[in-house]
Amino acid sequence: MKVYIYKGGLGTVKKSGVGSAIHHQEQMLRGTGEVLTENWREAEAVHINTVFPDSFLAACIAKLQGKKVIYYGHSTREDFRNSFIGSNMAAPLFKRWICHCYNRGDIIITPTDYSRKILEKYGLKRPVYTLTNGVDTDFFQADPGERTYLHERYHIPEDKRIVISAGHLIRRKGILDFLKLASVMPEAVFIWFGGGNWWAVPGEIKRAVRKKTENVIFAGYVEPRELRAAYCGADAFVFFSYEETEGIVVLEALACEIPVVVRNIPVYDGWLQEGVHVMKASSVESFRQKISRIFSEDCLSMRKRGRSLAEKHSLSQTGNKLKQIYDGYFL
């Protein structure tokens, strides 16, 4: 089956997990028997990853032309809340709109069982499949040669521990907790990768960022090679997010064998195990305790198990599972 990945709105989502997911789909399809085409006319199936008006229109046109539509459910009302200015007020309308979009697909694919259960509760009229967004484990892997990268890049003393995180500067991603944690752990340097549109960031977040402590660095958006070096050069990766459909950066960090601490939220139940693959925390104090523990232990076994878990989410394995979904539904 010839597959066309619709990229309308890619410029807007390029620096987000959705942008990474689109890139991953290209890579995994090249490794399966499906043919990836850049020609809309010859496509038999179309991937849609965004919920912008042009994406909805593209799905409608594809259906009229007899093409199969695979709509990726990256977004939910739950993870839309507590993001940008006005998001909470718009959340009910956003839910109605994404349902309208997703129902244009023949099938819906979402990254975790958690997000699948949320979407099924929306009363969608199409079958919803679980399939990880995947991680490029050939690219994201441990590299001892990058151990000093962050110290050199940001002029950090060699004896300073480094904690990194990533995401948009929004409440849902836990930026306020990140700043609070940094303020009570002056012995470490905290680096946040990512940003977003500053004009859309709520005033509360802007004020907190401006008042950051001296041990906080905002690195902004960086290219994947630099982010990989950061994973390999930091002492811990901490993901403070309150709501996710998966969290590609968590998989990237695990693939690079850096100790990971995530918030104890439902999306990780059943696949990220406490003390096995990651550590979990639910408050600033518990995050502090877990990071202090990482600083005093090598966590080698946990890091190796984290890498093994990432390999189960590799693009090759994910591509094979995507092909199984195609074959099971469309043949």
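Begin by selecting strand β11 (residues 260-263) together with β12: the two pair in the parallel sense over three bridges. Two strands count as paired if DSSP finds at least two bridges between them, and the elements named here are DSSP runs numbered from the N terminus, helices being H or I of at least four residues and strands E of at least two. Within this pair, V262 stands opposite K280 in β12.

The model is a predicted one, in which local features need pLDDT of at least 70 and side-chain atom pairs count only at pLDDT 80 or more, while totals for chains, interfaces and linings use all residues. Residues are numbered from 1 along each chain as its sequence is written, and side-chain values use heavy atoms, with hydrogens and water left out.

Contact means heavy atoms within 4.5 Å.

**Around M302**

Select M302 next, in helix α13 (residues 300-312). Is M302 buried or exposed? M302 counts as buried, at 6% relative accessibility; buried means under 20% relative accessible area, exposed over 50% and partly exposed in between, with a 1.4 Å probe and protein chains only. Leaving aside neighbours within four places in sequence, the contacts of M302 are P259, V260, G275, V276, H277, V278 and M279. The C-alpha atoms of M302 and V276 are separated by 5.5 Å, although these residues are 26 apart along the chain.

**Two loop residues with positive phi**

Move to C299, in the loop between α12 and α13. Its phi is near 55 degrees, a positive value in a residue other than glycine, and C299 is buried, with a relative accessible area of 8%. Then select E257, in the loop between α11 (248-255) and β11. E257, also not a glycine, has a positive phi of about 60 degrees and counts as buried at 16% relative accessibility.

**Two helix pairs**

Select helix α8 (residues 175-184) and helix α9 (residues 203-210), whose axes lie 10 Å apart at an angle of about 20 degrees. The two are therefore roughly parallel; this term covers angles under 35 degrees, with over 145 roughly antiparallel, 65 to 115 roughly perpendicular and the rest oblique. Show the side chains of I175, L176 and L179 in α8, which meet E204, I205, A208 and V209 in α9.

Finish with helix α2 (residues 17-30) and helix α14 (residues 315-330), whose axes come within 8 Å and cross at roughly 80 degrees. These helices are therefore roughly perpendicular to each other. H24, Q27, M28 and L29 of α2 make the contact with L315, T318, G319, L322 and Y326 of α14.

Definitions and conventions: Axes fitted to C-alpha atoms, helices over the stretch in contact; angles between N-to-C directions.
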